[in-house]
Amino acid sequence: MKLQTKFYLGIVVVYVALALGIATTSILWVNRNTIREAEERVNLYMRSGWEIYDSKLARLRSSAETLAHSDLVLELLKHPGDAAKLQAAQASLDAIRREQAMDVLNVLDRDGRVILRARTAEQRGDDLTADPLIRKVRQSGRSEQGTIILSEERLAREGQDLLAWAEWFGGERQGMLQAAAVPVMEDGELLGVLQVGSLLNGAAEKVDRIRDAVFKNENYRGKPLGTATIFMGDLRISTNVLDQDGNRAIGTRASREVAEQVLGKGLPWSGPAWVVDRWYLSQYDPIRDPDGHVIGMLYIGELAQKYLDIRKAAVITFLAVTLAGMALALGVFFLIARGIVRPIQRLVLATQRLAAGDLSHRVPVETRDEIGELSACFNRMAEQLQQQRQALERDQQELAKLNQELQTTNRNYMEMLGFVAHELKNPLASATMSLYTVKDGYLGDLNPAQARSLDSVASSLRYFEEMIRNYLDLSRLEKGELQVHRARVALDSEIIQPVIDGLHGAIEERRMTVESTIPPGLALDADRDLLRIVYDNLLTNAVKYGREGGRILLEAQGGPDTFTLAVCNEGPGIPPDKLPMLFKKFGRLDTPEYAGKKGTGLGLYICKEIVERHGGRIWAESEEGRWTRFAFTLPQAASEGASPPENAGQPLRGQQTGVAAA
Ligand SMILES: Nc1ncnc2c1ncn2[C@@H]1O[C@H](COP(=O)(O)OP(=O)(O)OP(=O)(O)O)[C@@H](O)[C@H]1O
Ligand SMILES: [Mg+2]
């Protein structure tokens, strides 16, 4: 997955999780707060509703108190039997009742019997001591107010029209009355009780007043925002909740849940309630009679739709803000990510080009942050690499030049060496010949001293000869003139025998014996002259460094692909740690056993070069104090006719150490 994609996925996942978390929390919070606020408001409305309800009671009471102090009522109570007074009072009080929109206005004697009913003059003499308001006033002698239930019988007495009215508004033959009762006193003595009341059944103006005062007649989407209802028991007797037909929903009942809580337990109920045909955030409070019995309910409700809409708007606003924020954050992040990823991509590209060898490539440094630092570091690194490479190339060129010069010098040196050696060769040959002419007595007899001296000169000349031959070979080698011309060579007759013949004098001088296990007919592919140089060197060494009177053994093994040829001699041997240096140019041993042995140190180096040019390898083995063996391999180009020899010789070796030529 690309870095950019990873960045995007990461941020989107984090952002979505964050947005979901915040959105959920916020929606819950908005939800809870709007509902709580609504409930608190409804609670507040309910208090206002009660104030209006109670203010009506207070007005009733104050009206009653005013009347209780009037001469009209005092006179009536002082002279209850005076028919003229009764009649006059009846007419006046009924006028006052009508004027003050009261449904009930009764005057009772001190025993609680009705002396006068303003509304229904004929209904007199009944006992109202069971009325809780009357009872309380008679007991306490103070004014009382409250809501009471009027039974069918009582309601009929108060007025047949009231009974019919109550039945009409709700279908029940009883009424609920807001009432006040005050004592009528004279000289501290109770003369009687005056009771006034206003029927709640069908009293639309009462609930409308509550609604208008609380909700200021507000509408929401064409519907009244608030509603108020007075229940008698669970029956709506006065309400401004409208039914489907647009009529006041009088005569309908509260839900069972509400009735159980408010009427049954006497506790308020609040919450969203389904009232007639829609949801209201509602509160129902119990209405109690003066004895504390729950006789009805006061309901205030506000359309829930308003809050649902507020909540919806809040959620939509929040989601819109979140989404816009998310889009903005993604946009900003896209720019930041691009700002990070693009230089990285450029760095990746630059690194690839660097790896491919283009050291001149650089990346632009556009920012001053870590990425910019990385780009600058990359450029510095590329710069250094380029400088190092240039320095290296310069060094290489210098080295090549030096090498060239060295090769030229070496070639010149070798040419001179070859020239000098070649020029020395002929005078040396003629000097040797002259020496042997004298030494062998062709020019007259020699005395012993002369003969010894000439022997020494001969030995020196042999050394010179050997030295010149080696230098000539080295010069040819270094100049690249030593070419391998392979041919079929009979090893014994064409190589070994001529070399041994050449060394005959030296072998005899050192009283050594040469044994060979090489079959006389063995033939192999090699350059005759070069192979002769190898054997000449190895055998000369064996004679020179071998034990005086010791044996020299010649071996050939293997074939037909590769022959291993060896020259072995008895002698002091060579320490193992010295073996590798013998094949180096001018490599000679400085051990005391070989002190006094002259040599250039080139013989084995020349052997190694020749063997390697044949595709083989050469190495030395030795057992100190006993023997030394030089062996080399000769791979064969064509195996035909190269017969594998049988190793028939007596091995000189027992315990051995060995090393290949380096
Ligand atoms: N058969 C041998 N036994 C013990 N030591 C040997 C033998 N052959 C060679 N060496 C040691 O290896 C050295 C290197 O031999 P190499 O033939 O290269 O040089 P050289 O014999 O000293 O001189 P040159 O052969 O050039 O005349 C010798 O000097 C000698 O110390
Ligand atoms: Mg030698």
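**View 1. Three helices each supply at least two residues of the shell around ligand 1: α11 (448–478), α14 (528–545) and α15 (603–613).** The model shown here and in the other views is predicted. The shell counts 23 residues. Among them, the closest to ligand 1 are N541, Y545, L589, G599 and G603. Helix α14 gives the largest share of the shell, with 4 residues. By type, the shell splits into 9 nonpolar, 12 polar and 2 charged residues.

**View 2. Five strands build an open sheet in the order β2-β1-β5-β4-β3.** The pairing in this sheet is antiparallel. Look at the edges: β2 (114–117) and β3 (144–150) stand there. Each has a single partner strand, so one side of each is left without a neighbour in the sheet. From one strand to the next, the twist averages 25 degrees.

**View 3. Strands β3 and β4 (residues 175–186) pair side by side in the antiparallel sense.** Between these two strands there are 7 bridges. Find L150 in this view. Opposite L150 stands G175 of β4. What holds paired strands of a sheet together? Strands pair through backbone hydrogen bonds, either parallel or antiparallel.

**View 4. A second open sheet has 5 strands in the order β9-β8-β12-β11-β10.** Here, too, the pairing is antiparallel. Which strands stand at the edges? They are β9 (235–239) and β10 (269–275). Each of them has a single partner strand, so one side of each is left without a neighbour in the sheet. Neighbouring strands are turned by 35 degrees against each other on average, direction ignored.

**View 5. Strand β8 (residues 226–232) is joined to strand β12 (residues 294–303) by 7 bridges.** The two strands run antiparallel.

**View 6. Helices α8 (residues 256–265) and α9 (residues 304–355) lie across strands β10, β11 and β12.** Strand β11 covers residues 278–288. Follow each helix against a strand. Helix α8 runs at about 145 degrees to β10. Helix α9 runs at about 135 degrees to β11.

**View 7. The domain assignment of the protein gives domain 1 (1–345) and domain 2 (482–661).** How far apart do the C-alpha centres of domain 1 and domain 2 lie? The distance between these centres is 134 Å.

Definitions and conventions
Residues are numbered from 1 along each chain as its sequence is written. Chains are lettered from A and ligands numbered from 1 in the order in which they are written. This is a predicted model: local features need pLDDT of at least 70, side-chain atom pairs count only at pLDDT 80 or more; totals for chains, interfaces and linings use all residues. Two strands pair if DSSP finds at least two bridges between them. Axes are lines fitted to C-alpha atoms, for helices over the stretch in contact, and angles run from 0 to 180 degrees between N-to-C directions. Two residues are in contact if their C-beta atoms, placed from the backbone, lie within 7 Å. Domain bounds come from an automatic or database domain assignment. A residue is near a molecule or strand if its C-beta atom, placed from the backbone, lies within 6 Å of it. Ala, Val, Leu, Ile, Met, Phe, Trp, Tyr, Cys and Pro count as nonpolar, Asp, Glu, Lys and Arg as charged, and the others, Gly among them, as polar.
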